[in-house]
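Please load the model in the viewer and keep the selection panel open.

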Amino acid sequence: MLSALVILYLFLGGAGAGTIVALSVLECFDAQRHQGQSRRAAVAQAGLRGGLRSAGSYTPPARSLGLPRNFYARAWPLSFVLVAAGALCLLCDIGRPDRLLALVAHPSFSAIAIGTWAIIVCLVISGAFSALSLFEGMDVPPAAIRALGVVGVGAGLVAAAYTGVLLQSMASIVFWQTAFVPAAFLLSSLSCGVACVFAALSFTESRQPLNSFAVGLARIDSVLIVLEAACLVGLLAVGLTTPSARDAAWSLVGGEYRWLFWGGLVGVGLVAPFVLERVSAPERRRLLLLWTACFVLAGGFVLRWCTVLAASYDVTQIPSVVYGVMGTVL
């Protein structure tokens, strides 16, 4: 049905948008870290030159989350790369950059236009926060950081939901004509965003304990996993009870793609990370964070892959059925 580039876009774009949502929320709660950066840098330099007395006269503002600074310098560029790579995959699949330029130059109120602009805003927000995290020394008011964070949350949610709306808008596939598709993709994107935060934390060099923050984030991701599983149950229930989409749904439950669905999506993408987050909470264990992130991201990719592959069993994609219906009508 769709090329591998489109499937990669659905995964990379969704994961990148979910990461932007997660990081934007963190920035709103941790906005104080951008205030007084140039003064802290000057005091630190003075402390190196003249001893610790001058440096001890300045106390940096308290950070509500207590995250190490190099965490953001790893997480924000990762979100930018994911969204940019996803957009590049979609652009290569289209093969006509002028179409995208025309859509941007002459915007219209449509799902494609809204999704395109959401991706552009996501790139701008993630690029701005990446620059602030990589090149410290600029004093930014907390209100401006929170404003950027709110915009990032909104644009990320729209871009993440659009990856599912893109499939639902294709009227030729009956199996995709349900709200459970964009809902499952949105929840999966948010879960992948949390997974990317876990991955960034696992590669963050710090002696600072991350137990309380990681446990809280793991609880949020567990809720997202349960909601995603509920959406998958709803999607399959609608498909199995709809005659024209029954074969597509059965290809995942008990047909050709059952091993990929039950093993890759349910087992690796849902059950494994849920068990790791609930049974063995990631307290001070960065390796466990990395494994959880890998399982969630693998499940996010398999979800898109299974959903696209199942469409080949949709009644609208079987030539014999289509020709039979045409012959009956004629």
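**A buried serine**

Begin by selecting serine 222, a residue of helix H9, which covers residues 211–241. The coordinates come from a predicted model. Display the surface at this position: serine 222 has a relative accessibility of 4%, so it counts as buried, the limit for that class being under 20%. Next, show the residues around serine 222. Setting aside those up to four places away in sequence, its contacts are Phe274, Glu277 and Arg278.

**Helices H10 and H11**

Now select residues 246–253, which form helix H10, together with residues 258–278, which form helix H11. Their axes approach to within 5 Å and cross at roughly 55°. H10 is therefore oblique to H11. To see where the two helices meet, display Ser251, Leu252 and Val253 on the H10 side and Arg258, Phe261 and Trp262 on the H11 side. Coloured by class, this contact shows 4 nonpolar, 1 polar and 1 charged residues.

**The crossing of H1 and H8**

Move on to helix H1, residues 4–29, and helix H8, residues 180–202. Here the axes come within 7 Å of each other, with a crossing angle of roughly 65°. Viewed for handedness, the crossing of H1 and H8 is right-handed. On H1, select Leu10, Phe11, Gly14, Ala15, Gly18, Thr19, Val21, Ala22, Leu23 and Leu26, which make the contact from that side. On H8, the partners are Phe185, Ser189, Leu190, Cys192, Gly193, Cys196 and Val197. Which classes of residue make up the contact of H1 with H8? There are 12 nonpolar and 5 polar residues, and no charged ones.

**Threonine 19**

Stay on helix H1 and centre the view on threonine 19. Is threonine 19 buried or exposed? Its relative accessibility is 1%, and threonine 19 therefore counts as buried.

**The largest nonpolar core**

For the last stop, turn to the largest nonpolar core, a set of 81 residues. Select Leu10, Leu26, Phe71, Phe175, Val197 and Leu252, the members that touch the most other members. Helix H8 gives the most to this core, with 14 residues.

Note on methods: Residues numbered from 1 in each chain as written. Predicted model: local features only at pLDDT ≥ 70, side-chain atom pairs only at ≥ 80, totals over all residues. Heavy atoms only, no water. Axes fitted to C-alpha atoms, helices over the stretch in contact; angles between N-to-C directions. Helix = DSSP H or I, 4+ residues; strand = E, 2+ residues; numbered from the N terminus. Left-handed = near helix turned anticlockwise from the far one by under 90°. Contact = heavy atoms within 4.5 Å. Nonpolar A, V, L, I, M, F, W, Y, C, P; charged D, E, K, R; others polar. Buried < 20%, exposed > 50% of the residue type's maximum accessible area, 1.4 Å probe, protein only. Core = buried A, V, L, I, M, F, W, Y, C linked by side-chain atoms within 4.5 Å. Parallel < 35°, antiparallel > 145°, perpendicular 65-115°, else oblique.
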